[in-house]
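Here are a few notes from going through the model. Have the structure open while you read.

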Amino acid sequence: MRQLRVYQTQAVVIKQTGLGEADKILTLFTPDLGKVKAVAKGVRRPGSKLGGAVEPLTHSLMTLAKGRNLDIVTQSQIIDGFATLKSDLWKVSCGFYVLELVDAFAVEGSANRDMFELALDAFRYLCQDEDGGDTILRHFELHLLSMVGYCPQLHRCVGCSSSIGSQRNFFSAEQGGLLCSCCGSRDGSSHILSLRALKVLRLWQKSSYPEASRVKVDGKLAEELQQVISQYIRYILQREVKSTKWLQELKKFAVDNTRRGVYNARQSSKTVSDERKLCRLITPGLSKKFNA
Ligand SMILES: [Zn+2]
């Protein structure tokens, strides 16, 4: 069958790199073709028609022409630019984290509509969220892992298959799930998982985000949940996710400055305005970091 020379698809730009003086090479994430590499010609020239519709963290409807090596973006129309997300340093960083995981787990040429919708939902919830986005990221990670075949086993011991009770349990990234007290204490690479964290993980694994967001998670529990999932993802990918470190630095910056009374994220208009200023200062550098 003759291949179509021109096709239309929804897409989110995962990353972009400069090509020559005026062009960019884009890595797109699409629902039916997975990851696609494409060229946006002339996009770095002022007044380019493609402009903002090929920026990362933008949901667009694109028309592409088949190329010999890379496809060429001929038209792009913004469906949702997620402006609220882009105006907040923390949220935009969470958005780039979602893109980095999509880039790591999505496959070129392989349809994944569920993953596409999951990523869009994460961006939409980040736009609406007032509480920091931790639950959005954890919910995204758990559901992403299930979609790509790495759903962590949270109901039976992955060592001996015994059911998990309320005693001390462990999580093993290497074995992809829980270890009972007996197996866990013999496995040096596993970590203790609190009962609170286990209950939240089990609930989030089977919930929609609106349901997951009803669970109240304090700072200590949020940190435990972040660490256990992040260790698991690091083990699967066999490398660090670079935006994890950036998110931790941002959080530490906010906490340190809140303690000193300098910066209190999202608690007064003055500090939110400070946050916006900081965002404007850092966002171009941030984009560069992720577009490299
Ligand atoms: Zn066991």
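Which residues of helix 8 are buried? Keep in mind that this is a predicted model.

1. The buried set in helix 8 is E224, L225, V228, I229, Y232 and I233. Around the axis these residues take up an arc of only 155°, so they sit on the same side of helix 8.

2. Turn to the other side of helix 8 and you'll find G219, K220 and L237, which are exposed.

3. What lies over that buried face? The cover for the buried residues of helix 8 includes helix 4 (134-147) and helix 6 (195-206), along with strand 6 (169-172) and strand 8 (191-193).

4. From helix 6, the contact is made by R196, A197, V200 and L201, and from helix 8 by L221, E224, L225 and V228. As for handedness, the crossing of helix 6 past helix 8 is right-handed.

5. I also looked at the length of helix 8. With 19 residues (219-237) at 1.5 Å a residue, helix 8 should span 27 Å, and the C-alpha atoms at its ends are 27 Å apart, so the two agree.

6. One last thing, at the end of helix 8: the residue that follows is Q238, and its phi is positive, near 60°.

Conventions:
Residues numbered from 1 in each chain as written. Predicted model: local features only at pLDDT ≥ 70, side-chain atom pairs only at ≥ 80, totals over all residues. Helix = DSSP H or I, 4+ residues; strand = E, 2+ residues; numbered from the N terminus. Expected span 1.5 Å × (residues − 1). Buried ≥ 20, exposed ≤ 12 C-beta atoms within 10 Å, placed from the backbone. Arc of directions from axis to C-beta. Contact = placed C-beta atoms within 7 Å. Left-handed = near helix turned anticlockwise from the far one by under 90°.
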